[in-house]
Each structure stands twice: as C-alpha cells, then as structure tokens.
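Take a look at the model before reading on.

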Amino acid sequence: KAQKLRFLGSICTICSFTHVNSMRDLLHVGQLEVVETIEALLQEEPTERLGTRVRQQAMLAIASMSRAGLLLQEKSSLLHTCFSSVFYRPPWKKTKGTESSLYSKTLAAMDSMLQVLLCSADTQGIVVLQNIFQLLLPFTNSQTAVVRERALARIARLANFITIYPQLQVCCCFAQATVQRHQCSKTQRFSMLGVLVGHLTLCCTSKDKRTCQEAAEALYHLHTFILQQRSKWPCRHDTEQLQPQEGWQATQHWQLSQTIDASKLFLMFTKYLEPSNRADIILMAIKNMRASSIYSISMAAHMVDVLLTDPDFQPAQMLNIVWAIYRNLPSIRAEVAFKSLNRALLVLTAKHCSVVVASLLQCSPTCSRDAMAMWRVMLSKHQAAEEVLQELLSLMINQSRRKTSTSTKDNLHVLALAATRTISKILLQAICLQEVEAIFPQLFLALLFQVSFTAELTLEEVQTFWREGQQEQRHTPIRLVVQSLKVLLCRMGFQSQVEAIEVQGGWDTLLRAYTSLTGVRIMAREMMKIPRSLRSVIFCDLAELLSVKDSTWKMVAMVFLVEMLGCTDFDEELDRVLEIFPMYLRSQCPGMPSLVLGGIRTLLERPDAARTTLFLLPYIMVQLQGADSDATAAALPILGNMLQLLEGQMPSLTALELAGKLRPLFTNESDVVREQSIRLFQSAMELVVGAEKKMMKEEVWDSLLPLLFHLHDQDRSVAKAAQEALCSAGRFLKWGELVHLVETAQPWRISECLLAKKRSRAKDYLHQSQPYLKSPQETLRREAIRFI
C-alpha cells in the first residue's frame, strides 16, 4: 500500500519538473500505463483510511499530469472512475475524527483537480467544463442521498470557480436567447446550459435538505456567471441593468433560507435560454415525470408548461420532444404530469402541426395504444383536429417517389401507410367524427389512392412499418388500407354501398394488384349513388388532383373519374374535367389514353354533353398515329361520332384531314382497327363537299389498291367493310364500272381496270403493293404477288 502511495507521489513530483524535458519525455512514453494504474488503484477496495489517502493522492497525480499537459485525451473514463470511487464511499459520521477530516481533504483535492483540468485546457476550457458537468449529472439522479449531495457539491464548487476564472472563453451568443443565430465554434459554446439548469432546478425539489442547498448554490453561481458574460457581450437592444445579485436575497445569504422556491429560481433563467436549451430541459423534465422519479413531478410539469409558452423549436428538436413523450408515457402515473403533457401536445400541434404529426407517425407507424392516447389529445380540440386530419391527408396524397432510406423518417411511403393506419384507428374509436365528415370526400380519395401505393411497397418498407407491431404482421398493408375504406364508409352512413361492393367482389379485387382497377370501377359505380353534394366534391377533387403532373395515383384517379362521367347531373363540373383530358391523351402511361377515350365516348352518348367534347378532336386524331392499338381502336368510333356533330364547313375540312391518317391503318395487325378505319374512311368520303372534294379525290385514288387487297382479308368483317368502301369510292369518283365490278364480286378484273384507267399511277401501285408482300396473311401476300 505504501508503495502505491509513493508511486502516485512520484508522478506528482515528475510532473512538477516541467522544465526537465527528458523527464517529461520519459513520462510521456508510459502515460497510458500510468493512467491505467491510477484507474486500477481507484477501483480497489483497501481499508478506508489507506483507501482515502490513495484516492486523494490519485487526484493530485491527475491534476499534476493535467497541469503538465500529459493527460490523455480519453480522460472521461478516468474522471468517471474517480467520481465513482469517491462518491460511493459510506457516509462519514459527523465527528472530528481523522477519517472525516481526511475524506474532506479528498473532496477538496477533487475540487482542486477539476479546477486544474479546466485551467489546463486553454482555449478548450468550455468543452472540458461541459464534459465534467456531463459526467457529474448522472450522479445527481442516484437513489442514495449522499451521492447526490457530493456530486451537486462538486458542481457548485466548479460553478463558483468559473465566476472568478476570467480566462474561460464563451461565445457572445451565450445566455442571449434573442441574439441573431450564427455559427460559432464548439469550443466557445455553452450548449449544455439548459440541461444543467434543468437538473439543478429539479434537485432543488429533493426531500434531502443538503441536496437542495447544494443545487441552489450551484444555480446561484451559474446565474452570476451568466450575468458576468452578458456584461461582456451586451445585446444591441438590451437595456437591462445587470446586477450580480439579481433575483437573490441581498440582505440574507440564500443558504440561511428555510425553503427554496425552485419555480422562482427556474424563472430567473428562462429568459436566457435559447430554443435548443429549452428543448433539452423539456426532454429532461419529461423523463423526470415518470413514477420512479426522485424529484418533484409537479416541478417537472411546471417546467414544461413554462418553456412551451414560446415553442420556437427546430424540426429535429420537435421530433425529440414527441419521442420523449411517447417513450415515457407508459411509466407516467401522476395526473399533473398527464395534464402537462396534454397541454404540451396541444401547444406544439397548434404551432408546428405538420412536424408533430410526422414525428408521432415516426414514433409509432402502427399506432400503438400509447400513440393513440397522444392522437386523442391532439384531436380533442376542434381547430387542432382539423389541422391534424389535413396533415394526415397531405401525407397520404402528396407522396414523393424518391426513397432516400428505409427508415420511417425518410420514407414517405411508410409515413403515408402509417397515416392510413392512424386514420383507421381514429375512425374505429369514433374520434372527431364531425371533422372527419367535413373532409370525407378528400379522405375517401386519399385512402383509395393508398391501394395503388401500398401495392408497390418493398419488403424493406413493409418491415419498417411493422417494426413495433410484430403480432399484427398477419395483416398485409393492402388489407389494412381496404379495411380503412370500409370503416370510413360505414362511419359516414354508407353501409349499403359497402355491402353492394362486397356482393360484386369489389373488396377482394382491390386486394390484388392485377385486379385492383376492376375493384376501383366497382366502387366508383356504387359511390355514384351517394348524395350529389358529396359526389360533386369527389368529382372536382379528382379533376384537381389529376391536373398535377407526374401524380403516382393517376391511373386509379382516372378510372374512378371516368366511371363517374356516367352521372347526368354534372354540368359545370364537366368543364374542369375536360380541361385535363388533352394532357392525359398525350400520356405515355400504358392504358391511360384508352381510359380517357372511354370517358369521352361516355360523354358522346349524352346529348347534353356531346358537343362539349369537340375541342378534343385534334388530340384524338393524334391517337391514330400511335403504336397503341387499343387507343387507336377506341379513337376511331369516337371520331366517327364527332364528325356527325360538326357544323358548317368543319365536317368537310376535318374529313379531308382525317382521310390521310386513316389509310395507314388499313394494314394494322388488329382486325378491329382495320375494319373501323376502313368504315370511317368511307364516312369521311361522304362528308367532303365543295372545294375539298378535289383534294379528297387524290386520297380516294390512293386508297383503291389497299381496299382491293382487303377484299381478300381473312377477317370477313374487314373484307365486307373494304367492299362497301370500294363501292363508295367508285361513286365518289363517278366511276360506274368500278361500282359494278365490286357489286358483282369480280375482284380479279378490278386490278386490270385500275391499270387501264390510270397507267400513270403504275409506279404508285407498285410501291403500295410491296408492304403486302410481308403481310402475315397468306391471302394478302398472294394478291399482292398477282397484282405485281
């Protein structure tokens, strides 16, 4: 034991000879072993008297090494070991014995050591100071009163020291909550002011008098330090008279006071706390609201109430506060704590609704029981409920396709699914039904769109969503969405629609990606039976949402809207829908043009709405030149109907323009397209009159040979259409022989007549014949060879 003491004494001696470079170099080589040896000595359990001397000498050695600049950067573990070794010593009896005196000297040595560490840090002083405070604070939460008292005493002594240590450099933004934010060095920023003030304030509520007194003394010195720093860096608009004893009893030392008003002390610091400090205190106070807290829960609640009078927090700080409430809620029992947290949620929701909603969804994507309790509070006030529901709607609809992470925070798909789950639970518990009813159309569409979103979720996203609800993983995300739709309709009084969709198999088809659009159609037809006022809002909202380009739910929205076009009581609403049709007729999304054309066909069947679609005729004609046979087949009959609705010169001009686009379709691989294009060409011939007739003759002459070949088309409907079109062409050209040969079924003579009638077109005929040599139909290839 004596050798250990001599070893520590030697360390102190070596460090004192800072002018002897060789000695410093020698110690520098073995400093790691020295530190490890000191730690080992502190952790030993020798006899009390000798153990106290060892600890005292160890702290002197630490101070000496620090003063000589030889202490390792990793000194936190050494300090923690030192604190644990000393603070957890059994309490000494209040006697004048040698042991008690020696222990007091040990604590004094510790205070001296901490001061030396601070002084030896140079420009890193504020960093070292905060590191020491950070190591001491956990001991202030100890269940043992004497440990709390000893730790608080060290904080108080160190706080007193910094008031008389002018070399400590702190940024000018310290303790000036109103100063304009700027970037300052970490080595000059007192970032843990809030945590320190919060802990010390709560310690003032301890049942142990000595603990309260030490905490109050620490606050007193800290307040003095703040005023000193403010006097060095006065605010530009600060007219406050700074008094060293501001707020403290000047006539009587505070230690003589029988009671300590913690709330009054706390209020003295609030005006010096910037938002980050306030957030830190709130986090600490919420943690101390738990039933296991050794300090006043009422005081913790009061601190939260005071700091949330001006909740100007950053999103990351808001997320931390919401997380703190969620994590600690299961351990909170006191009514005063519940009321404080409820007020906090309402205040934060009113100020930062979008951040609070997103944060709570991140805390619990599956909406656990504790999360539901928080949602209940946020929805308990009418205005707050409206804002929260709108935020949930926004998350469900306005999703980004960009995925930066599989975490809930960065993945908007998972957040949208979490919002859907939350809405479902809100509906099941019949919360704020009045507010839900007010946004029913938008909420219905948002849930409907989730069908397509959820079908595209990756396995990682699904696992992220279910991270806290392992027992519910038997339910797929898409099934949760469909269930939410059912609950919403039932809550709004549309039970009959839910049952009708069930009978038609609509709910089951929604569950499968390849049949989901069929389910959407079934649902749309049933929703057409709800009151007109709601249908009109849904209809207009669909048009509004579809006006946004690159929307990920456009196919579902368009399917639903097209089905609703069958409602004959939409008048003014139709204009808004027709405005977006040109954009979607040009869409590259597979099936979208055909879907829009189906909607136009529905409107053409309505006498009151047919003419409103005529402005779309140029956009529909473009479909004839695309590669989508389905869109082309859908466009041909629509164009035929539109030609009949045109007035004046428009039918003739449009028919002439259309004729040139139809002839290439005679060779289309689709039987339907071939037949319809030939019949529409025949109709176009009959509509051309006046000056356009001469130009139309050229189009007709160019169509004769293709029509002749298609008299042999393997599809009898196409062959019949070609025969009728040839007869009409003969009449249009006033060529009676051609009409006679077609009517008498003499196709082999028509070829001879074509060449005999206009030999100048022989090269054109040869050019027209060549594509038919590659036709998939043998009959057409044979006729082309025969003609050539």
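## A residue, a helix pair and the chain

Leaving aside neighbours within four places in sequence, Gln768 touches Arg663, Asp702, Leu705 and Pro706. Bear in mind that this is a predicted model. Gln768 belongs to helix α39, which covers residues 762-769. Is Gln768 buried or exposed? Its relative accessibility is 15%, so Gln768 counts as buried, the cut-off being under 20%.

Now for the helix pair. Helix α11 and helix α13 pack with their axes 11 Å apart, at an angle of about 25°. That angle makes α11 roughly parallel to α13, because angles under 35 degrees fall in that class. The crossing of the two helices, α11 and α13, is right-handed. The residues that make the contact are set out here.

| Helix | Residue range | Residues in the contact |
|---|---|---|
| α11 | residues 262-270 | Ala262, Ser263, Phe266, Leu267, Thr270 |
| α13 | residues 297-307 | Met299, His302, Met303, Val306, Leu307 |

Sorted by class, this contact of α11 with α13 has seven nonpolar residues, three polar ones and no charged ones.

Finally, the chain as a whole. The chain has 40 helices and zero strands. Of its 788 residues, 54% are buried. Among contacts between residues at least 6 apart in sequence, 72% link residues at least 24 apart. The accessible surface of the chain is about 36000 Å², and carbon and sulfur atoms account for 51% of that surface.

Methods. Residues are numbered from 1 along each chain as its sequence is written. This is a predicted model: local features need pLDDT of at least 70, side-chain atom pairs count only at pLDDT 80 or more; totals for chains, interfaces and linings use all residues. Side-chain values use heavy atoms; hydrogens and water are left out. Axes are lines fitted to C-alpha atoms, for helices over the stretch in contact, and angles run from 0 to 180 degrees between N-to-C directions. Helices (H or I, at least four residues) and strands (E, at least two) are DSSP runs, numbered from the N terminus. Angles under 35 degrees count as roughly parallel, over 145 as roughly antiparallel, 65 to 115 as roughly perpendicular and the rest as oblique. A crossing is left-handed if the near helix is turned anticlockwise from the far one by less than a right angle, and right-handed if clockwise. Contact means heavy atoms within 4.5 Å. Ala, Val, Leu, Ile, Met, Phe, Trp, Tyr, Cys and Pro count as nonpolar, Asp, Glu, Lys and Arg as charged, and the others, Gly among them, as polar. Buried means under 20% relative accessible area, exposed over 50%, partly exposed in between (1.4 Å probe, protein chains only). Accessible areas come from the Shrake-Rupley method with a 1.4 Å probe; for residues, only the protein chains shown count as cover.
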